[in-house]
Amino acid sequence: MEGRDGLRAGDSDRQAIAERLRVALDEGRLNLHEYDERLQRAYAARTYADLDALVRDLPAAGVEAPVPAQRGSAVSASPAGRQVTGRWLAHVWESWLQAVGIVVAIWALTSLAAGDLLYFWPGWVAGPWGALLLVETLTGLVKGEPRRWAAEQEQRRQRRAAKKALKRQRKAADGQQALDQPALDETEVGAEGPERKGDPGYPAAGPDRLPLRAFPERET
């Protein structure tokens, strides 16, 4: 084990630890702050010892929580749980709110133009769709969907941050490589003819003196 701890970890190893952290978040073993901190350390880990330290206080994969029935209520009661639930609800109902707002505005404008309240046809858009979303919302709250959704969003954010960091590293490496390339010597102008200072065919420097080679000879 000591020899393994010092070995370099790979991307698949980091991803496995990230998945265990996500499961721990879903089960209520970690709060969002702990999950975010450990996830960042997981992607920055270099050795197996660094990764093992992140899950040392967590049970092995597949171990159920001691009291599953009370997990959802405990998570929802915490301030972080309420915040996550609110964001998830906004995500689920965002499209419905936008669509209903548009059709109600259209109905209001047409009623105003007609000078009378027209039949409230937006109810056919809001009612069935809203009923489906209500069932989805209740089912998701029971199954702990807000925590799972928050974990997925955090993983996407971490992947985007890792890609941006990789791009910055590549740009920095390309810039350093360009700086390391030696500049052309002022005497290395070309391979054709004498171009070096001091050669008979190279005229003296000056604002009004140009190389004779710049002007083609005219045939006489």
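**Leu51 and the cores**

Setting aside neighbours within four places in sequence, Leu51 is in contact (heavy atoms within 4.5 Å) with Ala9, Asp13, Arg14, Ile17, Ala42 and Ala45. A caution before going on: this is a predicted model, where local features need pLDDT of at least 70 and side-chain atom pairs count only at pLDDT 80 or more, while totals for chains, interfaces and linings use all residues. Numbering runs from 1 along each chain as its sequence is written, and side-chain values use heavy atoms, with hydrogens and water left out.

Leu51 belongs to the largest nonpolar core, which has 16 residues; Ile17, Leu21, Tyr35, Ala42, Leu51 and Leu58 touch the most other members. By nonpolar core I mean buried Ala, Val, Leu, Ile, Met, Phe, Trp, Tyr and Cys residues joined through side-chain atoms within 4.5 Å. Buried is under 20% relative accessible area, exposed over 50%, and partly exposed in between, with a 1.4 Å probe and protein chains only.

Which elements give two or more residues to this core? They are α2, α3 (32-44) and α4 (48-54). Helices here are DSSP runs of H or I, at least four residues, numbered from the N terminus. The most comes from α2, with five residues. Apart from this core lies another, of 10 residues, including Val84, Val92, Trp93 and Leu133.

Back to α2, residues 11-26: its buried residues include Arg14, Ile17, Ala18 and Leu21. Just after α2, Gly28 takes a positive phi of about 80 degrees.

Last, Glu154, in helix α8 (residues 145-180). Glu154 counts as buried because its relative accessibility is 13%.
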